[in-house]
Amino acid sequence: MDRYARWNALLELLAESGRVSVEDAAERLDVSQATIRRDFDQLAQQQMITRTRGGAVANGVSYDLPLRYKSAKHSAEKQRIGEAAARLVTPGTVVGLNGGTTMTEVARALAVRPDLNAGGEGAQLTVVTNALNIANELLVRSRMKIVVAGGVVRPQSFELVGPLGGALLKEVTLDIVLLGVDALDVELGAAAHHEGEAAMNSLMVARAKKVVVIADSSKLGGHAFARICPISKVETLVTDSGAPADVVAALRDAGVQVICA
């Protein structure tokens, strides 16, 4: 287990119990106590936790973890989802992408599609995004036109939020938006933990002809703070094979096409 995977696991333990000892963490992660002490010290320096004698406690912050800490979680599932979602994009279209770890995999899958990077006149794909890391993944592909919405950067997700980006999104039309979410529920719709991200994502939905939600199975049937859109706006969901059968059935009953990668 690499460092970021350990940090992610430690923060999840703290989110569950509020407190964890060095001994318990070392045993559960199958690493040495010295390694856990170093991890605790480094997380405390970043103000992610509060160090205590013999352990650590949660800082009382919402664990909307920085993107780099999330990358190891459900990584295989997210890669398969990314590849499946990228297959829904056709050359010559305008695609909206927001941020998040699963959307990073979508961007990587788009970046290696030869039909989207072929020679000839004009861009093979126009991508509109409010996420700096997504733009960075695609920038090296010369046949893609990358449009980045402005705003204030959220360090947790690398997404730009606020009225500056909203002004741009109101002036564009998207053929399809591939939308990473923190939660998707039949009754509550698609949602995000942060209201600024939800507002930007909602604008993308409003400007898109087709809305595809990208979410691994851990996001299904849950809820988050700020709603992005009702389920009636979602045409397709791309998720993994671990999606609960009852949730998938309910989504299909609501008119959502569900693709399990």
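Why is helix α6 largely enclosed by the rest of the structure? Let's start there. Keep in mind that this is a predicted model.

Helix α6 runs over residues 101–111. Of its 11 residues, 10 are buried, so the helix is largely enclosed by the rest of the structure. Buried here means under 20% relative accessible area. Which residues are they?

Now step back to the whole protein. Buried residues make up 48% of its 261 residues. The protein has 10 helices and 15 strands.

Next, the domains. The assignment gives two entries: domain 1 covers 3–60, and domain 2 covers 75–260. Their centres, taken over C-alpha atoms, are separated by 32 Å.

What about overall shape? The C-alpha trace spans about 60 × 40 × 35 Å along its principal axes. A compact globule with 261 residues would have a radius of gyration near 18 Å. The protein has 19 Å, which agrees.

How does the chain meet itself?

Last, the surface and the charges. The accessible surface comes to about 12000 Å². Carbon and sulfur atoms hold 50% of that surface. There are 28 positive side chains and 29 negative ones. The centres of those two sets lie 4 Å apart.

So, back to the opening: α6 is largely enclosed, because 10 of its 11 residues are buried.

Terms used
Residues numbered from 1 in each chain as written. Predicted model: local features only at pLDDT ≥ 70, side-chain atom pairs only at ≥ 80, totals over all residues. Heavy atoms only, no water. Domains from an automatic or database assignment. Helix = DSSP H or I, 4+ residues; strand = E, 2+ residues; numbered from the N terminus. Rg over C-alpha atoms; globule rule 2.2 N^0.38 Å. Buried < 20%, exposed > 50% of the residue type's maximum accessible area, 1.4 Å probe, protein only. Areas by Shrake-Rupley, 256 points an atom, 1.4 Å probe, with all protein chains shown as cover. Lys, Arg positive; Asp, Glu negative; His and termini not counted. Charge placed at Lys NZ, Arg CZ, Asp CG, Glu CD.
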